[in-house]
Amino acid sequence: MAHMPDGILSAPVLIAGGTVALAGIAWALRRLDADDIPRTALVTAAFFVAALIHFPVGPTSVHLILNGLTGIMLSWTAFPAIAIALLLQAVLFGFGGIVTLGVNITVMAVPAVLCGCLFQGLRPRLSARALTLAGGILGALGVLLTALFVAGALALSGREFLPAAKLALLAHLPVMVIEAAVSAAAVAFLGRVRPELLTGIKTGHA
């Protein structure tokens with residue numbers, strides 16, 4: 001349900017989501033260094049593949065998102081990474097709509113960036129074990145925030161979508177548990193073998 005299709009969201013929600021997505025992508029791309037492109041491509045591919053694995057939950061389906069882990073590894077560059085993955089999923093597999101692409105990017109990328117900022121703030125203060133726990137919590141938080149944003153977008157598009165909004169939130173609760181485990185394992189592994197991948201991509205330079 002995180003891939004919202006065309007034809008269900010109101011114009012103000014579409015405009016707001018598209019504006020945030022474009023602003024985030026532009027901010028990240030202007031500051032993306034060429035040396036960071038391989039890491040961005042790798043995480044984009046992982047995000048793309050993870051979202052293709054769907055699990056039926058009642059009348060809808062859910063899938064792994066990995067936006068918390070994406071934010072941890074990419075920081076603001078999560079915006080273009082998620083945008084590319086979602087565009088390819090929409091064009092190649094029909095997951096989500098083209099008109100709703102901006103909203104879908106926003107509901108996944110904003111939580112990713114928030115999780116990335118939180119992780120980078122905690123990283124210097126925590127031991128390796130505590131950092132693994134933090135990675136798991138932030139992996140779950142990314143899903144929770146995305147579910148809340150999806151529910152909010154649906155609710156703001158009309159009262160008739162309130163049941164779908166509630167379902168979208170409830171359906172992602174089990175995904176939070178899975179994502180917490182996956183993100184914690186990834187953070188623990190990368191912390192041992194490639195700790196530089198957990199530093200985020202710096203976007204402070206112009």
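Helix H2 (37-50), helix H3 (67-74) and helix H8 (173-193) each bring at least two residues to the lining of the largest pocket; helices here are DSSP runs of H or I with at least four residues, numbered from the N terminus. The model is predicted, and totals for linings use all residues. Residues are numbered from 1 along each chain as its sequence is written.

What is a pocket? On a 1 Å grid over the protein atoms alone, it is an open set of points where a 1.4 Å probe fits, with protein on both sides within 12 Å along at least five of seven lines, and its lining residues have an atom within 4 Å of a point. The largest pocket has a volume of about 190 Å³, the volume being the space filled by probe spheres set on the points, which are joined across faces, edges and corners. H2 gives the most to this lining, with four residues. Among the lining residues you can find Phe 47, Met 73 and Val 182. Ten residues of this lining are nonpolar, one is polar and none is charged (Ala, Val, Leu, Ile, Met, Phe, Trp, Tyr, Cys and Pro count as nonpolar, Asp, Glu, Lys and Arg as charged, and the others, Gly among them, as polar).

Now move on to the second largest pocket, with a volume of about 160 Å³. Its lining includes Arg 123, Thr 132, Gly 191 and Arg 192. Helix H6 (128-156) and H8 are the elements that give two or more residues to this lining, and H8 gives the most, with four. Here the residues divide into six nonpolar, two polar and two charged.

Terms used:
This is a predicted model: local features need pLDDT of at least 70, side-chain atom pairs count only at pLDDT 80 or more; totals for chains, interfaces and linings use all residues. Side-chain values use heavy atoms; hydrogens and water are left out.
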